[in-house]
Amino acid sequence: MKNKAYLLALLAGLSLTSCESFLTEDARGVENLDTYYQTEEECLNSVIGCYQNLAFDDWWQIYNPYLMFDMVTDDLWMGNTTQTPDYTSLVYFQSTGASNGPLSNFWQYRYKGIANCNLALSHISKASIDTEIRDRLVGELRFLRAFMYFDLVKNFGGVPLFTELEMPEQLEGKTRASQEEIYKFVCDELEAAAAVLPQRSEYAATDMGHATRGAALGFLGKAYLYQGKWQEAKDALETVITENEYDLLDNFGDVWAIGSNNSKESLFEIQTMYNGDLYNTGSSLSVITGCRNGVGDGWAWGGPTSDLENAYIAAGDSERLRWTIIKSGCTEIAGETQFREFVANTAATISREQFNSYKNLFGWNDVVYSTSYIIDPAQHKSARIMRKFFIPLSDRPDIYLQGKIPQNYRLLRYADVLLMYAEACNELGLDKDARETLNKVRNRAKLGDVTSSGTELRDAIRTERRLELACECQRLYDLRRWTCDNGKKMMCNIMGPNGSFVLYNTGDDADPFEKYNQVESSDKGKTFQENRDLLFPIPLYEIQNSNGSITQNPNW
């Protein structure tokens, strides 16, 4: 493969070299691959560098694609209607999706992360350090590499498989492994990692955030679930449950709070911290998804849909609704103890004249202007923003900008494990076990027990996953894999010209906020194609630069 950018960038970015030089001593300020990895500290530092590859050092490499993947579903609009987005070609199912910028970044940076893991594995596996520490570090690297391949396979299907560090001249003619081969590799790696990684309780507090046995088993269960391997999924997830290392937080509203980073509910998170004006070691999502007007100075990307709000209302789920969606005209924000400051700022960003132009459209009266939080409908497709990434004023760091927010990104949490276990049990006819774990999640949300069985229970589990995990980059993969009673994947029933999501948003009963703002069209999903859009396209640059050895997904 002639496109070797990810590998060359890796080798340059590491500042490690094994090349001979005309100098008689190593250049100062760089490390030498031939002499590095000699101590436990050096090996550990290399592994920590691989954890940094989970999100890299800015908002656009990974966080931005993760957000876009939720925009492809019925949960989020692109949202910001004042700027031209990079998301449109994928979110609106256009034939030009292979040239989508965020998707190309995602592919490139996941492979950079894999190359980093391969480099570290090639040296740490042979390092002369304590055997137990070495085995743990190797297990962490295999876990990270498996996670990154899982990210790739669930988005693209089969992809090129690199299991060792390969030099540029070795990459010519590289082809895609099959989807089945990638999934097998992911599962084998996660099983191997689970066998050597410590439990969460065995790590010191200073090591919190490192991969654990529970994280490896949790993602193993998810990888099996995505393949429809129900018994294998049940076995892995049941082990997580019975080993009793994790539990639900008492309150759903605490799940995404900064104070709940690495909580008892979390199996694996992208670690963040606030470093003042020195480094971008925090998250960006609270800024990217924040309100474009008013307190917060957000970018308004990823606006929740009224369709998602309606799902909460239909389920009687007011608890998770208020911790998931903030809606224009609200008189409180869940968890925000300084709400009046938000209201006071509204008058400075929405003029009285502008407000008056909205009054008849949205049924507002004059009291709304002085007592409510107004998300400007002219700048936000749905006049809604996400609550999960919202940071209350009291928790905001001194510098509140992208890359500064110390809110860990939850990649896998215990509620997801319970719901996946319930799904696997239901598929295996073990409905009693399925109900028990499903109801644990429901009860935390202050909802009553489900008593159904069979298909009705299946549908209840599917609904629960949407309500519990909304905006957490889970919905797309559920929609693509779930088969409905008509034999089609659920994605094919909600998208397409006759899809339920499309018909609702373009019909007479469409939400007034979404109907008002057509800068972003309400017909998202109309051009969805069943024979194309259940996988993303391989980025066009990768196809072109491989001289055709890497093939495109069908109908792209």
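In this predicted model, the axes of helix H2 (residues 40-52) and helix H5 (101-124) come within 9 Å and cross at roughly 160 degrees, which makes H2 roughly antiparallel to H5. The crossing of H2 and H5 is left-handed, and the residues that make the contact are Cys 43, Ser 46, Val 47 and Cys 50 on the side of H2, with Asn 116, Cys 117, Ala 120 and Ile 124 on the side of H5. Sorted by class, the contact of H2 with H5 has six nonpolar and two polar residues, and no charged ones.

**Helix H9 against helix H16**

- The axes of helix H9 (residues 230-242) and helix H16 (residues 414-427) come within 9 Å and cross at roughly 140 degrees; because only angles over 145 degrees count as roughly antiparallel, H9 is oblique to H16.
- H9 passes H16 in a left-handed crossing, and from H9 the contact draws on Trp 230, Ala 233, Lys 234, Leu 237, Glu 238, Val 240 and Ile 241.
- From H16 the contact draws on Tyr 414, Val 417, Leu 418, Met 420, Tyr 421, Glu 423, Ala 424, Cys 425 and Glu 427.
- The residues in the contact of H9 with H16 divide into twelve nonpolar and four charged, with no polar ones.

**Helix H17 against helix H18**

- Helix H17 (residues 431-444) and helix H18 (residues 454-469) have axes that come within 11 Å and cross at roughly 30 degrees, and the two helices are therefore roughly parallel to each other, since angles under 35 degrees are counted in that way.
- The crossing of H17 and H18 is left-handed; H17 contributes Asp 431, Ala 434, Arg 435, Leu 438, Val 441, Arg 442 and Arg 444 to the contact, while H18 contributes Gly 454, Leu 457, Ala 460, Ile 461, Glu 464 and Glu 468.
- By class, the contact of H17 with H18 holds six nonpolar, one polar and six charged residues.

**Nonpolar cores**

- The largest nonpolar core has 148 residues, and the members that touch the most others are Phe 69, Phe 143, Tyr 149, Phe 268 and Tyr 409.
- Helix H6 (residues 131-156) gives the most to this core, with 13 residues.
- A second, separate core consists of eleven residues, among them Ile 333, Phe 342, Val 343 and Ile 385.
- With residues up to four places away in sequence left out, Phe 268 touches Tyr 51, Leu 54, Phe 143, Leu 144, Gly 209, Ala 211, Ala 215, Phe 219, Tyr 409, Arg 410, Leu 411 and Leu 412; Phe 143 and Tyr 409 in this list are also among the residues named for the largest core.

**Met 491 and its surroundings**

- Met 491 lies in helix H20 (residues 490-494) and is buried, with a relative accessible area of 0%.
- Beyond its neighbours within four places in sequence, Met 491 is in contact with Val 72, Phe 93, Leu 476, Leu 479, Arg 480, Phe 528 and Leu 534.

- Most residues other than glycine have a negative phi, which is the background for the next two points.
- Phe 93, one of the contacts of Met 491, has a positive phi of about 50 degrees although it is not a glycine; Phe 93 is found in the loop between helix H4 (88-91) and helix H5 (101-124) and is buried, with a relative accessible area of 4%.
- Cys 471, likewise not a glycine, has a positive phi of about 70 degrees; Cys 471 is found in the loop between H18 and helix H19 (475-481) and is buried, with a relative accessible area of 3%.

**A buried serine in a loop**

- Ser 284 sits in the loop between strand E4 (266-270) and helix H10 (285-288), and this serine is buried, with a relative accessible area of 1%.
- Not counting residues up to four places away in sequence, Ser 284 touches Trp 59, Tyr 63, Gln 402 and Gly 403.

Methods
Residues numbered from 1 in each chain as written. Predicted model: local features only at pLDDT ≥ 70, side-chain atom pairs only at ≥ 80, totals over all residues. Heavy atoms only, no water. Axes fitted to C-alpha atoms, helices over the stretch in contact; angles between N-to-C directions. Helix = DSSP H or I, 4+ residues; strand = E, 2+ residues; numbered from the N terminus. Parallel < 35°, antiparallel > 145°, perpendicular 65-115°, else oblique. Left-handed = near helix turned anticlockwise from the far one by under 90°. Contact = heavy atoms within 4.5 Å. Nonpolar A, V, L, I, M, F, W, Y, C, P; charged D, E, K, R; others polar. Core = buried A, V, L, I, M, F, W, Y, C linked by side-chain atoms within 4.5 Å. Buried < 20%, exposed > 50% of the residue type's maximum accessible area, 1.4 Å probe, protein only.
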